[in-house]
Amino acid sequence: MKSIEVFWQEFRDHELESHYIRRSRRRQEPQLKGTVSFGETAEECDAMVEKILRGECGAVITSMQAWQESARQLPNVDDYRILLDHRGEPRAVLRSTGLHMVSLWQMKGEYTYAADHPAPVPEKKKEASGRKRREEKRDEKKEQLEKQRLQAAMTSSLALWQAAARPRLVRECTLRGVPFSMDMLMVVDLFSVAYAEGMDAEEE
């Protein structure tokens, strides 16, 4: 089994290679903020690892009660954590991209959608030429349709998540001996995969 220290050093070597290829100015050295695993059973834990590694998950939503009982520290934006499987083996380095605490009735489709899709990478805006601006104007309708499609997908995602999460949260409250409430506080942990074995340094 590869140790956490060795895996973290591989990530740092990967970061240095990426910076060299991009010829960018040196950023602040990444700092390891701990480890994390998701799921209540070994099967759930490993399934989440594989889902994240396939690029099919950019967020995990759990109750604040579960976070408090696990004694884990809530991450800050740009924190780095090592994702572990059920054996405690490091599988990826995650970079925190956002953290939101909302009640059940305040849950948003953009959060539940992220739980089944990779975290979006912001596009870099560049100065457009006259021709480019004309092309972008022609694409405005297409972009608007895409936004409408995405909004519909988020709305559907929220409804599906609520239907699946409610029974689980009711059981969770029953086990803790507390009443279920739509005011129950949830933690939305957003992240992206910064490193996994086999990743190449990409040139921008």
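Me: What makes A165 the place of a kink in α6?

Reply: The model is a predicted one. In it, α6 bends by about 30° at A165, and that bend is the angle between axes fitted to the seven residues ending there and the seven starting there.

Me: How do you know what span to expect for α6, and what does the helix reach?

Reply: Take 1.5 Å times one less than the number of residues. Helix α6, residues 140-176, has 37 of them, so the expected figure is 54 Å. From first C-alpha to last, α6 reaches 51 Å, which is close to that.

Me: Why are M154, S157, L158, W161, A165, L169, E172 and C173 called buried?

Reply: The cut-off for buried is under 20% relative accessible area. These eight names in α6 count as buried, so each of them falls under that cut-off. As for the pattern, residues three or four places apart on an α-helix point the same way, because there are 3.6 residues a turn.

Me: What comes just after α6?

Reply: G177 does, with a positive phi of about 75°.

Me: How much of the whole protein counts as buried?

Reply: Of its 204 residues, 34% do. The protein has 6 helices and 5 strands, running α-β-α-β-α-β-β-α-α-α-β from the N terminus.

Key: Residues numbered from 1 in each chain as written. Predicted model: local features only at pLDDT ≥ 70, side-chain atom pairs only at ≥ 80, totals over all residues. Heavy atoms only, no water. Helix = DSSP H or I, 4+ residues; strand = E, 2+ residues; numbered from the N terminus. Buried < 20%, exposed > 50% of the residue type's maximum accessible area, 1.4 Å probe, protein only.
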